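Here are my notes on the model you sent. Please read them with the structure open beside you.

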Amino acid sequence: MIGYLTKREQRILFICIIMVFIYGAYHWILRPLHDYRLELGTKIDSAQKRIYKNLRIIRKSEMMKDQHGKYLANFKQTVSDEQVMSTLIAEVEGIAGQLSLGITDLKPQKVKHVGPLNYFSVSLGFNSDSKALIQFLHTLQDQTHLFYVKEVNIDKTIMKKENILKAHLILSKIFIAP
């Protein structure tokens, strides 16, 4: 059939075939490849953002792990229960002595072992004015001592025309078992 066409018609047919081939190559090969490349680029960008976000989280967690390691050393029990209890009693007596509190009753309570934690408690009774009581509680709960108050009973009594509070506290401290 091509032999029956004139040279001009053969050129036009050849150009049309090339145009159809180019059109097909563009729509069925080049355009899907281009779309696939754009899709991959988007996926790569989102993956990079996730990676950078995860790296920031990892860096923060490492920094927090270092900070928590410092605090963990404060709560790790390295000596026996009896030694910890005697240290806590001495600590409470020392703070009370600094604030001139008259301790009337100081008793250690039984250590509670709950999972990996050991709860040490001390029962404490004293007579004092309200300002000294608040100062005592504040000192016990600051960062250097880290006691928490489990129970507070306060009775107001009047002794020698002064307002004296009779207080009973149960103080606790938590340690991580060795």
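1. Surface. Accessible areas come from the Shrake-Rupley method with a 1.4 Å probe; for residues, only the protein chains shown count as cover. On that basis the chain exposes about 13,700 Å². Carbon and sulfur atoms hold 61% of that surface.

2. Ground rules. This is a predicted model, in which local features need pLDDT of at least 70, side-chain atom pairs count only at pLDDT 80 or more, and totals for chains, interfaces and linings use all residues. Residues are numbered from 1 along each chain as its sequence is written, and side-chain values use heavy atoms, with hydrogens and water left out.

3. Layout. The chain has 3 helices and 5 strands. Both are DSSP runs numbered from the N terminus: helices are H or I with at least four residues, strands are E with at least two. The order along the sequence is α-α-β-β-β-α-β-β.

4. Overall dimensions. The radius of gyration of the chain is 40 Å, whereas a compact globule of 178 residues would have one near 16 Å. That radius is taken over C-alpha atoms, and the globule rule is 2.2 Å times the number of residues to the power 0.38. The C-alpha trace spans about 135 × 40 × 25 Å along its principal axes.

5. Of the 178 residues, 22% count as buried. Buried means under 20% relative accessible area, exposed means over 50%, and partly exposed is in between (1.4 Å probe, protein chains only). Contacts are heavy atoms within 4.5 Å. Among contacts with a separation of 6 or more, 61% join residues 24 or more positions apart.

6. Charge. I count 25 positive and 16 negative side chains. Lys and Arg are the positive set and Asp and Glu the negative one; His and the chain ends are not counted. The centres of the two sets lie 12 Å apart. Each charge is placed at NZ of Lys, CZ of Arg, CG of Asp or CD of Glu.

7. Helix 1. Glutamine 48 sits in this helix. Glutamine 48 is partly exposed, at 39% relative accessible area. How far is glutamine 48 from isoleucine 89, 41 residues apart along the chain? Their C-alpha atoms are separated by 56 Å.

8. Glutamine 77. This residue belongs to the loop between helix 1 (7–75) and helix 2. Glutamine 77 counts as buried because its relative accessibility is 4%. A polar atom of its side chain lies 3.0 Å from the backbone oxygen of valine 79. Beyond four places in sequence, glutamine 77 touches Val84, Asn118, Phe120, Phe175, Ile176 and Pro178.

9. Valine 84. Helix 2 carries this residue. Valine 84 is buried at 6% relative accessibility. Not counting residues up to four places away, its contacts are Gln77, Val79, Phe120 and Phe175. Serine 61 is 23 residues away in sequence, and the C-alpha to C-alpha distance from valine 84 is 31 Å.

10. Serine 100. Please check the backbone here. Serine 100 has a positive phi of about 55 degrees, although it is not a glycine. Most residues other than glycine have a negative phi. Serine 100 lies in the loop between helix 2 (81–98) and strand 1 (102–108). Is serine 100 buried or exposed? Serine 100 is exposed, with 66% relative accessible area.

11. Serine 128. Look for this residue in strand 3 (residues 117–128). Serine 128 is buried, at 6% relative accessibility. Its side chain makes a polar contact of 3.4 Å with the side chain of aspartate 129. (A polar contact is a pair of N or O atoms within 3.5 Å; within protein, one must be able to donate a hydrogen and the other to accept it, and residues adjacent in sequence count only if both atoms are side-chain atoms.) Leaving aside neighbours within four places, serine 128 is in contact with Leu101, Leu133, Ile164 and Leu165.

12. Histidine 145. The loop between helix 3 (130–141) and strand 4 (148–159) holds this residue. Histidine 145 counts as buried because its relative accessible area is 16%. Excluding residues up to four places away, histidine 145 touches Glu91, Ile95, Thr139, Leu140 and Lys173. Histidine 145 and lysine 173 are 28 residues apart in sequence and 9.0 Å apart, C-alpha to C-alpha.
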